[in-house]
Amino acid sequence: MIMEGIAAGVAALVVGQGQVLRLNVPNEPGLEAVVVEWNDQSIPFVQGSDGWFTLVGVDLDASPGEHAAELMWTYRDGRVWHDIRQIDVAGREFRTTRLEVAPKYVELSAENAARAARESQEINEIYARITPEALWSEPFAVPIPGTTGGRNFGHRRVFNDQPRAPHSGADLTAATGTEIRATNRGRVVLAKDLFYSGNAVFVDHGLGIYSVYLHLSEFRVKPGDIINQGQVLGLAGATGRVTGPHLHWGVRAQGARVDPFSLLQ
Ligand SMILES: [Zn+2]
């Protein structure tokens, strides 16, 4: 059932490629659940102090233009309402960066290629899971307070003269040993050495939002741990495919590659 008028007068929501978009729905008596269909996924809303909200991710390669998002309200008496919101994705220009890394990260051995493929599948399975609750309650924060850098999200990358996937996170300046803090409360779902990412920690914040912390020198958490915002989860390092020590901070929202800084706004 498509009900006209629920969003009467609501203009399309405008969002840039690689951004997180917050959707809000007012509180209503008898309202039991709200869900948005976006990118072939059902993303639940949760009830906050001033209404229902969720966060949806717009991938950095999402096609510019209007995309339909279908919202569904379910009431305790069994009524179900649907409405379509237009989300207008604005194209962005991303710079190209050229990097020199150890040849083994560009010309992969059969063994390393198999390992990278296996890990890629494992990671995609993590991103595909949408925990139907928000595990956080405070605003998101930068994992290294007061750090510089981190404005290279989305850069098209050329490693040793070979084009590779765009940069899916923000690289924060950090000497080896710098304490890395959780951007928000969540559950650790992975803490292990990965071929490209080196020592990596993945945190599930719920609603399909994951933050990742790569190239660490040491772990301070393990899978299954619930960690609070600001808790040290590891130390910065230079493990994996890097040009030197730094923190790669990444965020996925329902699998979409988004700029972690867009979570802070
Ligand atoms: Zn990076």
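This is a predicted model: local features need pLDDT of at least 70, side-chain atom pairs count only at pLDDT 80 or more; totals for chains, interfaces and linings use all residues.

Trainee: Which residues coordinate the zinc ion?

Mentor: Donors are N, O and S atoms within 2.8 Å of the metal (3.2 Å for Na, K and Ca), and sites may look incomplete because water is not among the atoms. Here the zinc ion is coordinated at 2.1 Å by His167 through NE2, Asp171 through OD and His248 through ND1, and along the chain these donors follow the spacing H-x3-D-x76-H. His167 lies in the loop between β11 (162–164) and β12 whereas His248 lies in strand β20, so the pair ties together parts that are 81 residues apart in sequence. Strands are DSSP runs of E with at least two residues, helices are runs of H or I with at least four, and both are numbered from the N terminus.

Trainee: Are His167 and His248 buried or exposed?

Mentor: Buried means under 20% relative accessible area, exposed means over 50%, and partly exposed is in between, using a 1.4 Å probe and protein chains only. Both His167 and His248 are buried.

Trainee: How is a pocket found, and what lines the largest pocket?

Mentor: Rolling a probe the size of a water molecule over the atoms shows where empty space is left. On a 1 Å grid over the protein atoms alone, a pocket is an open set of points where a 1.4 Å probe fits, with protein on both sides within 12 Å along at least five of seven lines, and lining residues have an atom within 4 Å of a point. Grid points are joined across faces, edges and corners, and the volume is the space filled by probe spheres set on the points. The largest pocket holds about 860 Å³ of space, and among its 36 lining residues Arg157, Ser168, Tyr196, Ser197 and Arg241 lie nearest its centre. The largest share of this lining, six residues, comes from α1.

Trainee: What is the volume of the second largest pocket?

Mentor: The second largest pocket has a volume of about 350 Å³, and of its 17 lining residues Arg22, Phe53, Leu55, Trp136 and Phe140 lie nearest the centre. β2 gives the largest share of that lining, three residues.

Trainee: Which residues touch the most other members of the largest nonpolar core?

Mentor: A nonpolar core is a set of buried Ala, Val, Leu, Ile, Met, Phe, Trp, Tyr and Cys residues joined through side-chain atoms within 4.5 Å. The largest has 32 residues, of which Ile180, Val201, Ile209, Tyr213, Leu233 and Leu247 touch the most other members, and its largest share, four residues, comes from β20. A second, separate core of 20 residues includes Leu23, Trp73, Tyr75 and Val89.

Trainee: Where do Thr183 and Pro223 lie?

Mentor: Thr183 lies in the loop between β13 (179–181) and β14, and it counts as buried because its relative accessibility is 0%. Contact means heavy atoms within 4.5 Å, and, leaving out residues up to four places away in sequence, Thr183 touches residues including Pro139, His205 and Trp249. Pro223 is found in the loop between β17 (218–219) and β18 (226–227), and its C-alpha is 7.7 Å from that of Arg187, although Pro223 and Arg187 are 36 residues apart in sequence.

Conventions. Residues are numbered from 1 along each chain as its sequence is written. Side-chain values use heavy atoms; hydrogens and water are left out.
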